[in-house]
Amino acid sequence: MATFGTLSDRLTETFRNLRSKGKLTPADVDGTVREIRRALLDADVALPVVKEFTAKIRERALGDEVNRALNPAQQVVQIVNEELIGILGGQQRRLQFAKNPPTVIMLAGLQGSGKTTFAGKLAKMLEKDGHTPLLVAADLQRPNAVNQLQVVGRQAGAAVYAPEPGNGVGDPVRVAMDGVEVARRQQHDVVIIDTAGRLGVDAELMKQAANIRRATDPDEVLFVIDAMIGQDAVNTAKAFQDGVDFTGVVLSKLDGDARGGAALSVASVTGRPIIFASTGEGLDDVEPFHPDRMASRILDLGDILTLIEQAQQAFDEEEARKVAEKIATEQFTLEDFLQQMQQLKKMGSMKKMLGMLPGMGGMKQQLDDFDEREIDRTEAIIRSMTPAERRNPKILNGSRRLRIARGSGMTVTDVNQLVQRFDQAAKMMKTVARGGVPNIPGMGPVPGAGRPGASAKRGKQQKPKGSRSGNPAKRAAENAGIAASAPAAPAGTGFGLGGGAGGGQAAPSAEDLAELQKLLGRG
């Protein structure tokens with residue numbers, strides 16, 4: 001996700017300069033606060049928010065909680081994290097549903113902010129939670145706004161109430177009121193009213209939105225704002241708050257915002273919480289806004305909780321248990337691998353998921369270079385195999401591999417590399433299933449991990465002894481021969497995949513995302 005990319009880079013670099021200091025002086029604190037201020041201003045955060053934020057950080061950084069800390073740099077990061085959570089809203093705020101249905105949710109915002117698309121996203125999200133939303137087309141001003149909402153409604157699987165053709169025809173206040181009544185009669189428990197916007201804030205827009213609010217008395221008024229408009233977000237939010245008022249904020253196009261000033265400004269200036277964040281064009285690309293998780297992303301601390309939640313939604317627990325049993329009994333096949341890839345694709349973009357891991361800010365270039373189409377290419381190769389070939393890749397001879405390559409639109413080399421990597425992965429799985437521990441990054445090599453059941457003594461390689469000849473020339477020649485005959489260190493890639501042409505089991509490494517790409521696609 002590009003969200004807060006520039007701000008995250010600047011803050012991470014600032015904190016990196018603190019780690020070499022055992023104790024922070026007032027000059028160190030002032031320099032750090034100065035860099036934080038510059039980073040926030042460059043990110044288009046509102047000036048009043050920046051002043052208040054940096055003042056709190058300076059006060060706390062000069063206090064006893066940092067002076068007494070064993071690691072002052074980490075303590076400063078913790079302070080910044082807590083203050084970021086504060087200006088992002090503090091606690092997560094969920095939608096408030098009416099005690100007596102239907103719950104009426106009104107969407108407001110400028111034209112082009114993403115209200116209509118968000119209406120479909122919200123409807124789909126609510127349907128997954130067991131609700132029956134009704135979309136009401138009250139945007140009768142923008143050309144084809146009614147048609148767009150009908151299309152989005154069909155894609156989301158939600159009902160749409162659109163009695164007027166729009167394009168300047170019809171009374172939006174009457175449509176909104178009738179939509180609530182239709183929802184009550186047809187037993188829809190949620191009504192989502194899509195209202196009109198303008199290219200800029202004007203009196204007519206505010207009057208229409210205020211009239212719809214008075215007529216429908218909504219339980220929630222969500223202000224949808226484009227996260228990429230920077231400083232203008234504050235002025236627009238204030239105008240809507242004064243003219244219509246709203247109960248919560250929705251940040252749209254957050255995936256395209258490398259600065260993030262809107263998110264850091266709106267909640268603090270208006271006092272209204274951010275409830276949802278839209279992170280893409282698809283109807284599933286929306287998530288509840290968690291201030292603590294977003295603060296962790298900004299500081300490159302990762303967002304493991306969101307990653308876990310996405311995995312729980314995408315992966316079938318029963319299927320995962322069956323795969324674990326197959327791995328333990330050495331029956332894991334290419335068919336099982338294909339099913340795992342399909343479940344992985346359900347979680348969404350690999351780049352977004354990888355971006356939620358801690359420390360991935362330092363691998364931005366690798367993330368940008370990661371080609372998610374490799375997963376599709378790998379899937380095409382496996383689907384071009386017969387069931388027998390998927391279950392037993394050893395029967396793949398030259399003619400079979402040529403047929404698979406032609407059927408998948410790939411080359412024989414691609415097929416060979418996939419089979420080789422899968423074979424290496426299977427070997428590693430057998431090692432783990434038999435109680436062995438592979439060479440895990442950060443843990444170092446584990447004796448006997450490469451050969452299941454091998455003892456540490458037998459698995460240890462003898463260190464070649466040097467020549468003891470008294471003749472210097474002869475001694476040098478003998479030592480060169482010993483070095484040449486010594487076994488080379490195994491070269492490998494992450495998860496024990498990829499590696500040399502020998503096809504032996506490779507030790508995992510923590511290189512970069514290119515190695516993970518080799519697992520999912522071509523080497």
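Predicted model: local features only at pLDDT ≥ 70, side-chain atom pairs only at ≥ 80, totals over all residues.
**Group meeting: a sheet and the helices around it**

Asp 226 stands opposite Ser 252 in strand β6. Residues are numbered from 1 along each chain as its sequence is written, and side-chain values use heavy atoms, with hydrogens and water left out.

Helices (H or I, at least four residues) and strands (E, at least two) are DSSP runs, numbered from the N terminus. Two strands pair if DSSP finds at least two bridges between them. Buried means under 20% relative accessible area, exposed means over 50%, and partly exposed is in between, with a 1.4 Å probe and protein chains only.

Now the strand that holds Asp 226. How many residues of β5 are buried? Seven of the seven residues of β5, 220-226, are buried, so this strand is largely enclosed by the rest of the structure. In a regular strand, side chains alternate between the two faces of the sheet. In β5, Glu 220, Leu 222, Val 224 and Asp 226 point one way, and Val 221, Phe 223 and Ile 225 point the other way.

Strands of a sheet pair through backbone hydrogen bonds, either parallel or antiparallel. β5 runs parallel to β6 (residues 248-252), joined by five bridges. β5 also runs parallel to β1 (residues 103-108), with four bridges. There, Ile 105 stands opposite Glu 220.

The sheet as a whole is open and has eight strands, in the order β3-β2-β4-β1-β5-β6-β7-β8, with mixed pairing. Which strands stand at the edges? They are β3 (159-161) and β8 (286-288), each with a single partner strand, so one side of each is left without a neighbour in the sheet. On average, neighbouring strands of this sheet are turned by 25° against each other, direction ignored. At the β8 end, β7 (residues 274-278) pairs with β8 in the antiparallel sense over three bridges, and Ser 278 stands opposite Val 286 of β8.

Next, the helices. Axes are lines fitted to C-alpha atoms, for helices over the stretch in contact, and angles run from 0 to 180 degrees between N-to-C directions. Contact means heavy atoms within 4.5 Å. Helix α7 (residues 145-156) lies across β2 (133-137), β3 and β4 (190-194), running at about 165° to β2.

Two packed helices are described by the angle between their axes and the distance between the axes. For helix α9 (residues 203-216) and helix α10 (residues 232-243), the axes come within 10 Å and cross at roughly 50°. The pair is therefore oblique: angles under 35 degrees count as roughly parallel, over 145 as roughly antiparallel, 65 to 115 as roughly perpendicular, and the rest as oblique. Leu 205, Met 206 and Ala 210 of α9 meet Ala 239, Phe 240 and Gly 243 of α10.

Thr 236 also lies in α10. Is Thr 236 buried or exposed? At 9% relative accessibility, Thr 236 counts as buried. Leaving aside neighbours within four places in sequence, Thr 236 is in contact with Leu 110, Val 201, Phe 223 and Ile 229. Phe 223 takes us back to β5, where that residue is buried.

The second pair is helix α5 (residues 72-87) and helix α12 (residues 291-298), which pack at an angle of about 130°, with axes 8 Å apart. These two are therefore also oblique to each other. Asn 81, Leu 84 and Ile 85 of α5 make the contact with Pro 291, Asp 292, Ala 295, Ser 296 and Ile 298 of α12. Seven of the eight residues of α12 are buried, including Arg 293 and Arg 297.

One more residue: Ser 265, in helix α11 (residues 261-270). Ser 265 is buried, with a relative accessible area of 0%. Neighbours within four places aside, Ser 265 is in contact with Asp 44, Val 45, Ala 46, Val 49 and Val 234. The C-alpha atoms of Ser 265 and Leu 47 are separated by 9.0 Å, and these residues are 218 apart along the chain.

Last, the totals. The chain has 24 helices and eight strands. Of its 523 residues, 46% are buried. Among contacts with a separation of 6 or more, 72% are between residues 24 or more positions apart.
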